[in-house]
Amino acid sequence: MKPTTAQSLARVQSGPETNWQQQYRDSITCLETLCSALHLDPAELPVSTAADRQFPLRVPWNYVRRIQRSDPNDPLLLQVLPHAQEENESEDFRMDAVGDLKSVLAPGLLKKYNGRVLLLATSRCAVHCRFCFRRHFPYSSQNPRRDAWLGALRKIAQDSTIREVILSGGDPLVLDDGELAELVRQLESIPHVMRLRIHTRLPVVIPARINSRLIEWVNRSRLKTVLVVHVNHPREIDSELQEKLTELSHARCHLLNQSVLLRNVNDHPDTLAKLSEKLFDSGVLPYYLHLPDKVQNTMHFEVREDQARKIMDELSARLPGYLVPRLVKEQPGHPCKTPLGLR
Ligand SMILES: *Cc1c(COP(=O)(O)O)cnc(C)c1O
Ligand code: SF4
């Protein structure tokens, strides 16, 4: 049975929960519930029910706890709220902005770059990020399910140039640890695969996802493992997340972060500097800062390239080089993410 708002609120105020699956199931999917938890009046918010239908609201309570009450412009809220501006359209903003469909090797397996493949392990996510470039991806035809892994695993085994397998989605950590351990075991049986990378935002919204079972299969693997978390704003890192990331950083696992540069969320050098420092305090190094892809319905997050370079100039002048993420954008047909130099 779904908990009532009052029960969920009681739970959210009572501190960190331990069972991530329960938290995943209990996520908020209703705009009114979100608004009442945040003391906001839905009638006064710039929300769009059309946007909510196209890509439904979904956010775990744990993340909602980090959103400032009564602030319609909270940078964490803006990442999850179906916004009226999502209805803005422009010919420049397309459904398959990054040209993914041209790189499909097998259902759920993309190879765009040398030596590494992206395996869409699941189409599910714990949070629906409004800026997501996969909101229009035709997951059902790409079949990122367990039965489809067989075809993907066969392809990976046949191509000895593949050194690294990147689990993506959706969010691969939505899968339970038994499934993941089994998938990793199958990847380990392919001799030329040396590295495993996991791209995930799940621990950011439900820190309890980092638990002893996860750490166990990571530690056991012969593959060198890299976990890339997706944190966009320093306020997303609360003490629970910090603790969990630190725990994981002590495992056989390298921790990196990638962010998306988003207007009104993190498009300021102060915000990004604070983010890098908080990440490092938790054992995580910044990796990429992505210019948002030009995806339909996400235009209101766009940061212009010259503006982005200016922010990077200031960030670089403030931080040691290892805390400055690389500003990149994705261009269809390029052999790697395109780095954008300083001005
Ligand atoms: C971004 C991406 C990668 C990883 O690129 P790195 O530069 O190694 O982080 C791999 N495959 C695809 C399809 C990608 O979009
Ligand atoms: S978790 Fe990642 S894939 Fe899922 S909606 Fe957010 S940005 Fe998109």
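## Confidence of the model

This structure is a predicted model. Its chain has an average pLDDT of 90, and 88% of the residues score at least 70. Residues 13–17 fall below 50 in pLDDT, although this stretch still has 10 contacts in the model beyond near neighbours in sequence. Where pLDDT is low, the predicted coordinates should not be read in detail.

## Nonpolar cores

The largest nonpolar core contains 91 residues. Leu34, Val59, Ile156, Val165, Leu248 and Leu261 have the most contacts inside this core. Both domain 1 (5–87) and domain 2 (101–339) contribute at least three residues each to the core.

Apart from neighbours within four places in sequence, Val59 is in contact with Ser27, Ile28, Leu34, Val64, Val80, Ala126 and Val127. Leu34, one of these partners, is itself listed with Val59 among the residues with the most contacts inside the largest core.

## Surroundings of ligand 1

Ligand 1 is surrounded by Lys112, Tyr113, Arg116, Leu118, Ile166, Arg197, Tyr287, Tyr288, Glu330 and Lys337.

Several side chains approach oxygen atoms of the ligand. An N or O atom in the side chain of Arg116 is 2.6 Å from an oxygen atom of ligand 1. For the side chain of Tyr288, the corresponding distance is 2.6 Å, and for that of Lys337 it is 2.9 Å. On its own, ligand 1 has 380 Å² of accessible area, of which the protein covers 90%.

Key:
Residues are numbered from 1 along each chain as its sequence is written. Chains are lettered from A and ligands numbered from 1 in the order in which they are written. This is a predicted model: local features need pLDDT of at least 70, side-chain atom pairs count only at pLDDT 80 or more; totals for chains, interfaces and linings use all residues. Side-chain values use heavy atoms; hydrogens and water are left out. pLDDT is the predictor's confidence in each residue, from 0 to 100. Contact means heavy atoms within 4.5 Å. A nonpolar core is a set of buried Ala, Val, Leu, Ile, Met, Phe, Trp, Tyr and Cys residues joined through side-chain atoms within 4.5 Å. Buried means under 20% relative accessible area, exposed over 50%, partly exposed in between (1.4 Å probe, protein chains only). Domain bounds come from an automatic or database domain assignment. A residue is near a molecule or strand if one of its heavy atoms lies within 4 Å of it. A polar contact is a pair of N or O atoms within 3.5 Å; within protein, one must be able to donate a hydrogen and the other to accept it, and residues adjacent in sequence count only if both atoms are side-chain atoms. Accessible areas come from the Shrake-Rupley method with a 1.4 Å probe; for residues, only the protein chains shown count as cover.
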